[in-house]
Amino acid sequence: MTNEWRIIPAVSGDYSCRADTDDNKTEWSEALRLTVSTDKPKATLTADPTIIPAGGSITLTCSVDGSDDWKFDWFRDDEPVQLSGTNEQQSDVSVSEGVSAPTVKQHPSWPVVFRGETVTLRCEMEDDEGTQWTYEWNPANRNSPTSNEYRINSVSESDTDKPRATLTAHRTIIPAGGSITLTCSVDESDDWKFDWFRNDRQYFATRFRGNKDPFRVISVSEGGLYRCRGGRGNPVFHTETSNIQKIVSAPTVKQHPSWPVVFTGETVTLRCEMEDDEGTQWTYEWSPDNRNSPTSNEYRINSVSESDTYKPRATLTADPTTIPAGGSTTLTCSVAGSTGWKFDWFRDEEPVQLRGTNEQQSDVSVSEGGVYSCRGGRGNPVYQTEESKKVSVLKTVFKPTVILQPSGSVVYRGEKVTLRCEIKEGGRTQWTYEWRTNNRNIQIRSSEYSINKVSEYHSGVYSCMATGDHQQTEWSDGVTLTVKPNHPKASLTASNNIIPAGGSVTLTCLIDIGVGWKFDWFKLESDSSAAQSIRTSESDGVLVISEGGEYGCRGGRGDPVFYTETSGKVTIEKRVPITPTVIQQPNWSQIYRGEEITEMITTNRNSPTSSKSMITADSSGDYKCRGRRDGFTITKWGVITLTVSSPKPQPVLSVSPSWPNPGASVTLSCEGLELQSAGWRFFWYKVVPIPISTSYSIELLPNTINRTEQNSFIINGPTQTAGYQCRAGRGEPKFYTNYSEVKFIWSADSHPAAFLSVSPDRVQHFIDQSVTLNCSGNNTKWRVKRFTESTSPSYVQCFHWGMMSGSSCTIKRLEDHSGVYWCESGSGEFSNAVNITVHDDGVILVSPVHPVTEGDPVTLSCRNETQFLSNVFYYHNDKLINNDSREELKISAVSKSDEGFYKCQHSGKKSLNSWMSIRGTVSSPVPSSSPLLLIIGPISGIILIIFLLLLWRYKQHKDLCSFRSEKNSQRSTINQGAENEFSVSSSATPAEPSEVTYTAIKFKKLRKKRKPRKPEEPVIYAEVNTSAAGKVSRTLYQNVSSCQYPAELAPTYAEINKNRAKRNRREKPAATDESVYSEIKSGATLEDKRWEQLAEVNG
């Protein structure tokens, strides 16, 4: 069986189908009509609109009526054209070639005009841009113009029909004493004013009641034939008159006697009266017409039968049916549609005398509940109605009270809640109860409503009422029940967490919400034990304890008991009368913030115990400790007072000397700590440039990884410029001070890996001249750096104050650029250092910027900003060298004696001093087993002994002894009472018997409170000459008060570092770095022969 049926050929008709099986058949389906057309279909083209607006487009739609699934081809001007379609079938296409459609405007602008009226039509083109248009008008059934204006002087029927006014009345019969509304209108037009006619006479506006111009709607109260018409324009154009509406007044039926209701056996006369009939002869009809009713206006019924009426039933109403507490309600009995009745009353089916408010007893007031009914009677004999339906009246007596258990408005999820409706009065009344919450009724009729496990759903306001024996209570006041979703948790507080010796502590257990709780108490006696219950079901949540422990509590209420969560634990400690002793280790008087110290605690009982604890010092104040036993027994506090300093101590690094001769040792001193001996150990670092960076890193010096106990460190034979830092540490774990500021050791000697040259090659420069510093050596990436007195310190790169190009740095203007300059490579190599001194005017000395090798020639000259000068005087260590003026000072072969300060003078103007350093010739290294070392060692020891004797002698001297140095007539003095500590080191070699050896003399000031020294504290370097006989002759040039020193020798020079000693007068700082080179002149004969030991020491 198949469900398809193919019709070939198709024939028009109604087709339906059904299906069947062996046992069943379906009904026929609804018929499907098939219409077969014999004609070939024709496509339909529509355009909406047919005029393309300016700049826009229109849509063309092609369709075949009554069929689908067509695809369409398009033609324009009989030629095929491809258009943009909106769908795959190309049934809708959009075309955009055209101009805007004109607009026709009418004057006057009435939407509808009528025959005889004058109308002007105007055809307007938008945005025509001066185009000359020829116009056509449609319809063209008359000689229409070709211009854009078309005037019709008198519209004819071919243009329109004359309109007819339409009159409507919302009803055609005027009720007695009333009126009706008439409305006149002209369809699809406005601006009309209306005339009214009654009985073919014009109905003037003055007679219209409640109407306003143009009198389209009027109100009439007289019957008659009404019609209307409209008019507008000037002259007035009138519509056709409306259809006639006949309006009549309704008749009135009057009854005698005038009872509104009569009953079986009574006689009634009915009369039909017309008002304002103006003598019209009326024929009457009566309704109902189920009997021979007359055609006159009077209808008499001699004896009313049951077919005319029925026995009435009294109606009883109560307003309200519930008597309020202490009040009453009014019952009303009536017989619908009739009067003249007197009423009897019944309560609980028994007659009852009630107090009425009128003679007929139709309204009575009652204050007792019951089932009430009534009936009416009138006439003689009395005619009685049916008894009314019974009405139950309830008396409201009093308001019940809702009692909530557990008491309080807040309960928790899972608790059992009981609501009880209590009535204090009512005697033996059998009450039926009603409950409600949140405006919904609860199907519970008993006085008690229990919820075994409440949830948030049960939250709400609950109230109850009761009814019984025609009585009812008012609704009780609402009781709010709030169900909290979270389990409550007890809160435990203590009056004190520590039980004083012999005292007690009060614990308080609280539950913030709800009442009626009883409390259980728990105690944990030690960390290893479990909590034990110590009290249960205590009504008072207060517990007084005298033993330490960890306490907790919980609350419970209801039956079965609902428990809260146990409170948080409160630890109570019991204090015993023992005060421990606190000892600080190590016992440093000065502690710094962040430093860790160890406290030893000792109890002073018969069996003393002790323990150690490490703390981190944070601030000055009292630090406390106490002992603990069994977790809950504690001692009193032991107190120790710590003075904590902040910030970390800042050490000060000094280097001596800062400009060492080649091969000389340098001493680093790390000072500035108030208590130098308070456990400090010192760490020494070398500054290393970071590759591809402008910053430095630091690395520990060799042999100092495990620190040094002394605050000084000797570097043997540094050969190049380098920066150094230090810091101190103590304790375990180590507490470190801050790092010191970087201090540099300047090496003027060239280094094979790196060399700094200056162009122009001189020390002194004018402020407005440029200088170029060039780095050369094994590396290709150099950076030029400097250290100036104007900054502290300012070892920054060239690009901050000059212009770097490759390995050269050019300074265009030298203002504030006096200082020390050197080169660094990214791999950590340092060049030699050079001094550059800047002058703002006058003359400068042209002297070599690098050390001169012994035996080489040197030429010094003098110049101003423009040229070299002649007639110049030259000075060596402030002594005039030449008595005659000259242009240059030439030294054919320099020796060590030529080293010193030089300056020039021209026309009374002197340059500043510049130091010329003489470098000795290079000799081969001396083996460590050289016999000379065996000689120098004892000599150094002897010199040290002599210095100690000198110290003892010096302390015996009455007068002030001070060392005196001179540079440009400048002096520095050592305060009286200073103890001098001397140390001597020699760098002379057998190959250079005439080489100068420098001895470092350190001055340390000993006072009651020793103050830290600044960097570069006084170190004096004195020249020591060695003789050919192997004797070392050392002359220390000093003036000690009035003491004179021996032996006039050749001038010698010493480097004296700046110190903190008080000066006799204010001194001007040197123009070069911190090292001061001074000429030391020989003194007169020493009176005290004991000082001769200083002149010569036999080796």
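Mentor: Let us begin with two strands, β4, which covers residues 58–63, and β8, which covers residues 92–95; in this predicted model they pair in the antiparallel sense over four bridges. One of the residues to look for is T61, whose bridge partner in β8 is D92. As a general point, the strands of a sheet pair through backbone hydrogen bonds, and they may do so either parallel or antiparallel. Here the pair belongs to an open sheet of four strands, with antiparallel pairing, and the order across that sheet is β3-β4-β8-β7. At its edges lie β3, residues 44–48, and β7, residues 84–85, each of which pairs on one side only.

With that sheet in view, we can turn to the chain as a whole, which has one helix and 91 strands. Among the contacts with a separation of 6 or more, 59% are accounted for by residues 24 or more positions apart. The protein chain has 1099 residues, of which 39% count as buried, while its accessible surface comes to about 63,500 Å², with 47% of that belonging to carbon and sulfur atoms.

H458 counts as buried because its relative accessible area is 15%, and the cut-off for buried is under 20%. Leaving aside neighbours within four places in sequence, H458 is in contact with I451, K453, L481 and V483.

Terms used: Residues are numbered from 1 along each chain as its sequence is written. This is a predicted model: local features need pLDDT of at least 70, side-chain atom pairs count only at pLDDT 80 or more; totals for chains, interfaces and linings use all residues. Side-chain values use heavy atoms; hydrogens and water are left out. Buried means under 20% relative accessible area, exposed over 50%, partly exposed in between (1.4 Å probe, protein chains only). Contact means heavy atoms within 4.5 Å. Accessible areas come from the Shrake-Rupley method with a 1.4 Å probe; for residues, only the protein chains shown count as cover. Two strands pair if DSSP finds at least two bridges between them.
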